[in-house]
Amino acid sequence: MNKIYSSPEEALKGLLHDDMLIAAGGFGLCGIPELLLSAIRTDGSKGLTFASNNAGVDDFGIGILLHTRQVKKMISSYVGENAEFMRQYLSGELELEFNPQGTLAERMRAGGAGIPGFYTKTGVGTIIAEGKDHRDFNGETYIMEEGIFADLSIVKAWKADETGNAIFRKTARNFNPPAAMCGKVCVMEVEEIVPVGSLDPDQIHLPGIYVHRIVEGSHEKRIEQRTVREA
């Protein structure tokens, strides 16, 4: 089965609709599926819920969809680098479900593994725990978190073969593999597609069985916070 598509728009064709839940990979501006996000903006789907570590910055990443008012809700860990994200949240225009980073990653991984819920100590005694089931194990209190089962996953890899076996670089690996796992359909953009058999099996971070569509493209290398020392 051919998984390779000619453009991000073609790779998303027939998958997008209003009010869907999308799991998006990336960590800050590292490893975000920027080409697919641009294609979603062009498509114009609205009322979207995104499960993502963050929303990028105002003019990059999910931030571009906030400006077009296509996002209804964010399930995220961090909002600090996106002024429009903060403005919409504080004004009540955007729903926000805060999740600790490890909890969010595990919710995605759990969804990919078919696990509907799990217990964690993270968030006990905070606003995160409100309304959630509490249970004691070995004298410690835990709260239940639900696995994320997304309608669509969009992720970005460094290299992948034609079947979708993928390698992610450095912090791009934090959220891309679990985000890819939890979607009913996973579309992956990649910097380089290589022939089957050219990747070391021991180096593969995501098996191709999770990936349904692949698109190759050129990507912008942005630095979220450039810090340099004086000469």
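**Entry 1**

I looked up M86 and found it in helix α4; helices (H or I, at least four residues) and strands (E, at least two) are DSSP runs, numbered from the N terminus. The model is a predicted one, in which local features need pLDDT of at least 70 and side-chain atom pairs count only at pLDDT 80 or more, while totals for chains, interfaces and linings use all residues. I note that residues are numbered from 1 along each chain as its sequence is written, and that side-chain values use heavy atoms, with hydrogens and water left out.

With a relative accessible area of 32%, M86 is partly exposed; buried means under 20%, exposed over 50% and partly exposed in between (1.4 Å probe, protein chains only). I then listed the surface patch that M86 forms with Y89, L90 and F98, a nonpolar one with about 380 Å² of accessible area together. Such areas come from the Shrake-Rupley method with a 1.4 Å probe, and for residues only the protein chains shown count as cover. Patch members have over 30% relative accessible area and no salt bridge; like charges are joined within 9 Å, and nonpolar side chains (Val, Leu, Ile, Met, Phe, Trp, Tyr) within 5 Å. A salt bridge is a side-chain nitrogen of Lys or Arg within 4 Å of a carboxyl oxygen of Asp or Glu. Helix α4 (residues 83-90) gives the most to this patch, with three residues.

**Entry 2: K73**

I placed K73 in strand β4 (residues 71-76) and read its relative accessibility as 22%, hence partly exposed. Beyond its neighbours within four places in sequence, K73 is in contact (heavy atoms within 4.5 Å) with L48, T49, F50, L94, E95 and E97. The side chains of K73 and E97 are joined by a polar contact of 3.2 Å. A polar contact is a pair of N or O atoms within 3.5 Å; within protein, one must be able to donate a hydrogen and the other to accept it, and residues adjacent in sequence count only if both atoms are side-chain atoms.

**Entry 3: Aromatic pairs**

I searched the whole structure and found four aromatic pairs. Rings of Phe, Tyr and Trp (its six-membered ring) pair if their centres lie within 6.5 Å; planes under 30 degrees apart count as stacked, over 60 as edge-to-face and the rest as tilted. F27 and F175 are stacked, because their ring centres are 6.3 Å apart and their planes at 15°. This pair links distant parts of the chain, 148 residues apart. F27 is partly exposed at 26% relative accessibility, whereas F175 is buried at 3%. F137 and Y142 form an edge-to-face pair, 5.4 Å centre to centre with 85° between the planes.
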